Amino acid sequence: MAAGPRAPCPIRRQAQARPDALALWTPDRRWAYAELDAAVAATGRRLRERGWTDGTRVALRLPRGPSLVVLLWALWREGAVAAPISTRLPDAEVRRATERLQARCLIARDRGAPTTGGSVEEIEPPESLVVREAVEDSASTLRPIHRRATILFTSGSTGRPAPVLHSWANHLYSAKGANANMPLRAEDRWLLSLPLYHVGGLAILVRCALAGAAVAVPGRDVSVSEALGETGASHLSLVATQLRRLLDAQEEGTPGRVRAVLVGGGPIPSGLLRRGYNQGWPLHTSYGSTEMASQITTTPPGAPLADLQTAGRRLPHRRVRIGERGQILVAGPSLCVGVIEGDAVEDPRVDGWYPTGDVGHVDAQGRLHVQGRVDRQFVSGGENIQPEEIEAALEQIDDVERAVVVAVSHEAYGHRPVAFVRSRGSLRPEAWRQALSASLPKFKFPDAMYALPEAAVDDRLKVDHGALRQRAQEE
């Protein structure tokens with residue numbers, strides 16, 4: 001095991017300082033920090049009995065809930081590497097992911113989980129491991145701070161999902177910087193509205209444990225609006241689709257107890273931000289990545305709408321600069337250990353910086369503006385065009401909810417932009433082109449505009465650009 005400073009386990013530290021404080025809210029039970037610590041300790045003993053310590057890779061295919069929370073903290077305390085896998089993947093993909101990670105075991109709840117075979121041990125159900133009894137346990141610290149802690153798959157929006165290896169230090173410094181910008185109080189509850197196989201969901205656990213706040217786990221198949229009323233949450237992490245559904249359900253505005261709504265996971269339509277801001281929701285826009293263990297930049301509490309139209313300022317323990325072609329480069333202690341490629345772990349840095357693949361700029365106020373992806377930029381008649389710039393301009397129009405722009409081949413100009421639009425009424429291409437004249441030169445106007453198919457955008461606002469390009473080319 002690598003030497004280095006050791007980090008106190010936040011759950012143990014809170015249990016010693018405030019044993020009766022709420023740590024975990026679920027529909028069936030309220031866990032105090034002392035109870036959660038006892039469950040983590042007892043579960044850790046079971047893990048040690050199986051030899052799942054010190055670098056052992058453990059794949060987890062579990063729904064969000066207390067069992068998964070306890071297992072994650074127990075694995076970290078014992079020095080194992082937790083690898084949460086999407087519960088939405090088909091069995092064959094789970095099998096391939098587990099084997100790709102070279103995990104020693106797969107813990108899954110459902111009996112339909114795949115049999116991985118080989119040297120992988122499959123455990124079902126997790127209740128055989130998660131114990132809620134008190135035991136004597138001396139593991140009051142996590143293992144060395146720079147030890148390996150998690151493997152998380154990227155979203156795969158620009159290619160095959162990549163397994164990203166994080167140390168505990170990555171998650172720790174990510175949470176410290178986030179909490180410095182959005183301070184948590186002991187009585188706060190953060191709604192676990194994102195899955196724990198995404199870095200945005202996992203970060204909620206660490207931020208709350210450091211601050212002594214509670215994690216609120218909603219019931220299954222409960223909407224964000226219903227969960228907000230059920231759990232009494234003060235903080236939420238949402239992607240754009242979740243925010244839109246929340247605003248639809250809570251048209252009267254924000255409940256008074258809600259102190260912060262962190263919005264990220266992709267581009268946020270300008271009209272949606274204006275709507276949430278005008279309804280009084282305490283919004284925070286952000287820019288982050290799996291590789292940087294969640295947030296990189298975020299707006300502060302009480303930010304005006306002009307700030308919310310940006311990705312905010314750099315958080316503590318991160319570095320940001322703009323490289324060639326406007327690419328956003330990042331570094332700092334929250335940057336992952338590397339990306340797993342077979343038996344190797346590849347360092348993602350180039351000359352000390354991680355190239356995000358995103359294009360942007362930092363303004364005079366230090367706010368980051370994310371303009372799009374490097375690989376989406378194209379040339380039309382000798383002019384560089386960034387599709388995201390056209391999308392943002394379209395989304396400033398009142399009746400446009402969402403816009404996606406793709407490049408199609410053109411005999412005279414090489415490529416031309418075509419837009420797919422989701423609107424509140426009928427398509428109005430001519431009126432929209434007239435509105436675009438206030439912010440874009442004419443060579444950036446889309447040659448055609450079509451209705452955006454529902455199937456082209458998933459719940460996390462990830463877009464199937466390939467399918468839209470093919471459709472546009474056919475049209």
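Predicted model: local features only at pLDDT ≥ 70, side-chain atom pairs only at ≥ 80, totals over all residues.
Is Glu35 buried, partly exposed or exposed?

Let's start with the aromatic rings. A pair of aromatic rings is described by the distance of the centres and the angle of the planes. In this structure the count comes to four aromatic pairs. One of them is Trp76 with Trp168, a tilted pair with 5.5 Å from centre to centre and 50° between the planes. Trp76 belongs to helix 3, residues 66-78, and Trp168 to helix 5, residues 168-181, so this pair ties together parts that are 92 residues apart in sequence. Trp76 is buried, at a relative accessible area of 0%, and Trp168 is buried too, with 0% relative accessibility.

Now over to Phe420 and Tyr450. Their ring centres are 5.7 Å apart and their planes meet at 45°, so this pair is tilted. Phe420 sits in strand 27, residues 414-423, while Tyr450 sits in strand 28, residues 448-451, so parts that are 30 residues apart in sequence are tied together. Phe420 is buried, at 0% relative accessible area, whereas Tyr450 is partly exposed, at 24%.

Arg319 places its charged end over the ring of Trp353, 4.8 Å from the ring centre. Likewise, the charged end of Arg416 sits over the ring of Tyr413, 5.9 Å from its centre.

On to the salt bridges. Side chains of opposite charge can pair when their charged atoms come close. How many salt bridges does a search of the whole structure find? It finds 26.

Take Asp37 and Arg12, whose closest N and O atoms are 2.9 Å apart. Asp37 is in helix 2, residues 33-50, and Arg12 is in helix 1, residues 10-17, so the pair links distant parts of the chain, 25 residues apart. Both Asp37 and Arg12 are buried.

And here is Glu35 again. Glu35 forms a salt bridge with Arg29, at 3.8 Å from N to O. Glu35 counts as partly exposed, because its relative accessibility is 34%. Arg29 is partly exposed as well, at 26%.

Glu454 and Arg422 form another bridge, with 3.5 Å between the closest N and O atoms. Glu454 is exposed at 60% relative accessibility, but Arg422 is buried at 13%.

To finish, look for Arg185, Glu187, Asp188 and Arg259, which are linked in a network of salt bridges.

How values were computed:
Residues numbered from 1 in each chain as written. Heavy atoms only, no water. Phe/Tyr/Trp six-rings, centres within 6.5 Å; stacked < 30°, edge-to-face > 60°. Helix = DSSP H or I, 4+ residues; strand = E, 2+ residues; numbered from the N terminus. Buried < 20%, exposed > 50% of the residue type's maximum accessible area, 1.4 Å probe, protein only. Lys NZ or Arg CZ within 6 Å of the ring centre and 35° of its normal. Salt bridge = Lys/Arg side-chain N within 4 Å of Asp/Glu carboxyl O.
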